[in-house]
Amino acid sequence: MSTSLPRLVIAAPSSGSGKTTVATGLMAAFAGRGLAVSPHKVGPDYIDPGYHALATGRPGRNLDAYLCGPELVAPLFAHGARGCDLAVVEGVMGLFDGASGQGELASTAHVAKLLRAPVVLVVDASSQARSVAALVHGFASFDPEVRLAGVILNKVGSDRHEAILREALDESGVPVFGALRRGADVVTPSRHLGLVPVAERAAEAVAAVAAMAELVRAGCDLDALYAVARSAPALGSAGWDAAEALGSLPRPAPSRDLGPRTPDGPNGPDRTVEDKPRVAVAGGPAFTFSYAEHSELLAAAGAEVVTFDPLRDEQLPDRTRALVIGGGFPEVYASELSANEPLRKAVGELARSGAPVVAECAGLLYLARSLDGRPMCGVLDADARMSERLTLGYRDAVAVSDSVPAANGTRVRGHEFHRTVVEPGAGATPAWGITRPERRVEGFVQDGVHASYLHVHWASVPQAARRVVARATEVARATEGVTPS
């Protein structure tokens with residue numbers, strides 16, 4: 001099966017050039033024309049996809065050749081873009097910057113080649129004149145397999161400045177698709193881990209996206225950009241499918257005898273909506289980091305997936321049999337999370353019941369005994385605090401014990417991104433053995449709880465979702481009788 005979807009990759013020479021402003025503005029501007037726009041982000045970033053979703057009305061999806069492997073990039077892209085008229089992919093860092101010490105792996109250039117997509121380079125021209133031509137020439141000629149289709153000039157100071165830049169680039173033969181003036185309206189606030197997520201900004205985020213769209217509409221040739229997007233060749237890849245990803249996996253054995261079982265049909269559990277074990281996924285302003293494919297895998301494995309907000313909900317959703325708590329900014333909301341004592345108690349009771357609880361990064365902090373001195377859920381015998389040190393980067397890891405999401409010996413690739421410290425850093429039964437870039441153990445496994453700083457993309461390890469749902473089913477059967485209800 002091939003995909004002929006028009007597509008663009010928005011890249012830059014370096015971070016801070018304006019990729020997010022341009023990519024989000026393009027998404028919103030094309031959506032404003034009535035196109036169904038599929039938004040994507042290269043790398044493990046969770047925050048930019050929130051702005052992309054706001055611009056397009058569709059889930060922002062990540063394309064990470066390190067976390068998922070190069071072979072999954074095109075299928076995940078085709079899955080997310082199914083039914084759309086155009087896909088816009090925002091790059092990461094500089095065009096050729098990838099995983100440290102791994103060559104082009106996981107770079108924007110690598111993803112662009114895997115997608116056979118034309119690249120538009122966003123250049124911060126605020127301190128350049130004719131030299132911009134040398135910069136663009138270097139990027140256009142560095143890797144002949146990357147098709148640099150044109151340039152958008154950002155932070156242009158005046159009409160005269162724009163004329164100088166365009167004249168210089170005329171000599172390079174690289175088209176200029178737009179020139180954007182400096183604009184205070186498109187500035188989005190940042191803090192210790194980057195932009196403030198959309199879920200925390202509400203009306204301000206909507207206004208910022210609208211300003212990005214107007215800036216791009218006023219300064220870019222949308223017709224020319226769409227023509228370039230349509231020039232992308234067919235992509236010979238069928239879309240990723242959660243059910244298919246799970247279909248070839250062996251079914252996990254029961255983790256322990258939690259009660260009588262009911263027969264399954266030939267294709268797995270025969271369930272109505274009411275029969276499905278309910279998996280609660282944390283959301284709201286404090287827990288904004290998640291991959292859309294996680295919930296899709298849980299649903300394909302037979303779960304009913306519901307979301308809840310630990311800042312506002314005083315109880316877990318009714319009939320919750322498993323809990324997934326992803327990343328976010330609990331340190332910003334430590335007082336409010338701590339003040340919600342009824343929910344902290346409910347989470348602790350669920351964890352102590354043996355139900356599966358999978359927590360990544362922010363979830364780890366929430367399960368700790370305390371965060372910056374404020375009581376948290378007390379599931380883990382550990383305390384968390386803010387730190388001056390940023391921990392950031394890809395990790396290779398192996399499961400060093402059997403747990404709900406991973407059998408002992410399971411190898412994964414993950415990502416860390418935090419300015420907090422948990423003491424101790426690992427429990428009596430650690431979750432992971434980090435094998436690269438350094439060697440150490442990390443995280444906590446106890447009963448049904450798996451808590452770690454490591455973010456893992458489940459599309460690369462779909463068995464994690466199946467194991468969570470299998471354990472949730474056991475808990476439901478033991479709690480509710482022969483069949484969940």
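Residues are numbered from 1 along each chain as its sequence is written. In this predicted model, local features need pLDDT of at least 70, side-chain atom pairs count only at pLDDT 80 or more, and totals for chains, interfaces and linings use all residues, while side-chain values use heavy atoms, with hydrogens and water left out.

Reader: Which residues of helix H8 are buried?
Author: Helices are DSSP runs (H or I, at least four residues), numbered from the N terminus, and H8 covers residues 222–230. Buried means under 20% relative accessible area, and exposed over 50% (1.4 Å probe, protein chains only). The buried residues of H8 are Leu222, Leu225, Val228 and Ala229.

Reader: Why do the buried residues of H8 line one face of the helix?
Author: An α-helix has 3.6 residues a turn, so residues three or four places apart point the same way. The arc is taken from the directions from the helix axis to the C-beta atoms. Seen down the axis of H8, the buried residues line one face because they fall within an arc of 120°.

Reader: Which exposed residues does the face of H8 turned away from its buried side carry?
Author: One residue of H8, Asp223, also takes part in the N-terminal cap, where a side-chain oxygen of Asp221 lies 3.3 Å from the backbone nitrogen of Asp223. The face turned away from the buried side carries the exposed residues Asp223 and Arg230.

Reader: Which strand supplies the largest share of the lining of the largest cavity?
Author: Strands are DSSP runs of E, at least two residues. Strand S13 (357–360), strand S21 (449–452) and helix H14 (463–480) each supply at least two lining residues. The largest share, 3 residues, comes from S13.

Definitions and conventions. Polar contact = N/O pair within 3.5 Å; in protein donor to acceptor, adjacent residues only side chain to side chain.
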